[in-house]
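Keep the structure open beside you and find each residue as it comes up.

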Amino acid sequence: MDLVTPGLGLIFWTSLVFFLLIFLLAKFAWKPILGAVKTRESAIEDALKSAERARDEMKNLQADNENLLKRAREERDNILKEARTMKEKTIAEAKEAASSEADKIIAAAKEQIAHEKMAAITELKNQVASLSIEMAEKVLRAELKDASAQTEMVERLVDDVKLN
Amino acid sequence: MQQKSVLLTLTLSFLGYGSTAFANGSEHEHATTSHEDTVQHVADEHAHDAHAAHAEGDAHGEEAAHGEEEAFDINEMIMHHIADSHSFHLWDTEDEHGHVHAVSIPLPVILYTEDGLVMFMSSAFHHDETGSHVAEVGGQRFINVHGKIYHASEEANAHGAYYEEHDGHPTNAMPLDLSITKNVFTLLLVAFLLLVVFGSTARFYKKNGAVAPKGLASFMEPLVVFVRDDIAKDNIGEKHYERFVPFLLTLFFFIWFSNLLGLIPFFPGSANLTGNIAVTMVLALFTFFVVNFNGKKDYWMHIFWMPGVPYAVRPILAIVEFVGVFTKPFALMLRLFANITAGHILVLSLIGLIFILNSVAVSALSVPLTLFISTLELLVAALQAYIFALLTALFIGAAVEEHH
């Protein structure tokens, strides 16, 4: 049957044309097309990957921010706390210093007062002594105006000595 | 798949016999004879080979041409349409004397004879395909008998044709016919179209870089990627597929474009390129060579000394596998040929019905059916290209596969 008998001419032309076609298309069509498709595919893949990376980074950044915020808040709290304790301490210290100073002042004042009192007492004593001596002198003078009184006196003194 | 090809080949041969029946029916001037009766009648009478039946039909056609009433011979019509030709037949005209003249585009005839290359236009045969018009070129005489070119005999035979015949076939010497026939023309056209379409697709990327495709590129790129990923990568494997992609792409698009061009019923389409056994044979041979030249150790091991089966069975398997090396591309050749030819025959038969029954009313049935079949053929065109490329990829995959 003619239908299933391959013709030599057509075999020749088909082989030639198909062979050339493979090479021509491979060089001028398939290579650039597949190359472009591949380049684009890898570009898309890269873009997706970098987007993913960016998202991760963003997440990290956000976490960092939160951490930072948390830390800042903690620090603020710490500082506040410290300040409060410092204030309290300062106040306590001041109070203590003030009270000790006051004590000291009071003590000094007391001492001064005691000292002054002693001095005053000593002076009073001295004045009382000199006053007494003066008064004794005046009394003696008055009493010992006559000689009998003087003798009686001596006698009494002698008696006193005897008694001793 | 194999089953389908066999079925189509059967359909094809049935149509061959059946149409002879119609020719005989009209010879007896019984246009209304029922189909089944005639087939039965002819099947009994012409239970010999198709060649004889064909020749009879032709002889009858010749007679009818000289008679008053021209009988329609669907066998000749179909065979003429699916066979290769030395010209592009456009239409027939009838002059004032009632002679029928074909209007066709002549194609160059290139013959390699003992005296070297001979070239002339097919118009030198004056549309004759019965061998009754001798073309004299450079001192050599040629005739065209059903699209085949022979050296002409000195004297005409009883039918006025310049050839000796035996069993209805000319026995004259044939020069090596390297003509640009209808199929070769279509072949070149397909090659040209492929280069233009994919050349400009490639140019798009060269000009714009690896950007998102636009226009033609956006249409072609998914197909290219489909062949690369779904045909090549899936069947050959990640490791080896890349170097076979250009071959598979060329194969797929060549077959697809040829199939589509064959569906166009007028110039520059209409040639039955992928329904020609020579073309499918060459394509299958390419697959055969690509597969076997790339066969790895494991591939040959599996053919000649199948591991994992008893030693006694291995020689038997080796024979089976060795035959398989050839039957695989052979099946590829037949499948494409039979599918495309069957499609053409179906369309031609449906159109032919109008002329067999000699009634315009039949077109009410023929036209929708033809439309349906043609639409189906559009699908088949892509499907067969896909199957050919897919199976080729599968065979390559088996050849380059390495077992560990």
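This is a predicted model: local features need pLDDT of at least 70, side-chain atom pairs count only at pLDDT 80 or more; totals for chains, interfaces and linings use all residues.

1. For chain B, the mean pLDDT is 81, with 82% of its residues at 70 or more. One stretch calls for care when you read it: over residues 1-69 of chain B the pLDDT is below 50. Beyond near neighbours in sequence, that stretch still has 75 contacts in the model.

2. The peptide bond that joins B:Phe267 and B:Pro268 is cis, with omega at about 5°. To find the spot, go to the loop between helix 7 and helix 8 of chain B, where B:Pro268 lies.

3. Now turn to the place where the two chains meet. Chain B gives 41 residues to the contact and chain A gives 31 residues. On the side of chain B that touches chain A, at least two residues each come from helix 3 (50-66), strand 10 (176-177), helix 5 (182-208), helix 6 (216-236), helix 7 (245-263) and helix 8 (277-293). Helix 5 of chain B supplies the largest share of that side, with 13 residues. Sorted by class, the side of chain B that touches chain A holds 28 nonpolar, eight polar and five charged residues.

4. How do helix 1 of chain A and helix 7 of chain B cross? The axes of helix 1 (residues 8-143) of chain A and helix 7 of chain B come within 9 Å, and they cross at roughly 110°. At that angle, helix 1 of chain A is therefore roughly perpendicular to helix 7 of chain B. The crossing of these two helices is right-handed.

5. Which residues make this contact between helix 1 of chain A and helix 7 of chain B? From helix 1 of chain A come A:Phe18, A:Leu21, A:Ile22, A:Leu25, A:Ala26, A:Trp30 and A:Leu34. From helix 7 of chain B come B:Val245, B:Pro246, B:Phe247, B:Leu249, B:Thr250 and B:Phe254. By class, this contact has 12 nonpolar residues, one polar residue and no charged ones.

6. The record gives a "transmembrane region" over residues 6-30 of chain A. In the model, residues 6-30 of chain A are 92% helix and 0% strand, and the end C-alpha atoms lie 30 Å apart. The record also gives a "coiled-coil region" over residues 41-89 of chain A. Residues 41-89 of chain A are 100% helix and 0% strand in the model, with 70 Å between the end C-alpha atoms.

7. Finally, look at a helix pair inside chain B. Helix 8 and helix 11 (residues 363-400) of chain B pack at an angle of about 20°, their axes 8 Å apart. With that angle, helix 8 of chain B is therefore roughly parallel to helix 11 of chain B. Helix 8 of chain B passes helix 11 of chain B in a right-handed crossing. Here B:Thr287, B:Val290 and B:Val291 of helix 8 meet B:Thr392, B:Phe395, B:Ile396 and B:Ala399 of helix 11. The residues of this contact are five nonpolar, two polar and no charged.

Terms used:
Residues are numbered from 1 along each chain as its sequence is written. Chains are lettered from A and ligands numbered from 1 in the order in which they are written. Two residues are in contact if their C-beta atoms, placed from the backbone, lie within 7 Å. Helices (H or I, at least four residues) and strands (E, at least two) are DSSP runs, numbered from the N terminus. Ala, Val, Leu, Ile, Met, Phe, Trp, Tyr, Cys and Pro count as nonpolar, Asp, Glu, Lys and Arg as charged, and the others, Gly among them, as polar. pLDDT is the predictor's confidence in each residue, from 0 to 100. Axes are lines fitted to C-alpha atoms, for helices over the stretch in contact, and angles run from 0 to 180 degrees between N-to-C directions. Angles under 35 degrees count as roughly parallel, over 145 as roughly antiparallel, 65 to 115 as roughly perpendicular and the rest as oblique. A crossing is left-handed if the near helix is turned anticlockwise from the far one by less than a right angle, and right-handed if clockwise. UniProt positions are given in the numbering used here, feature names are shortened, and annotations may be inferred rather than shown by experiment.
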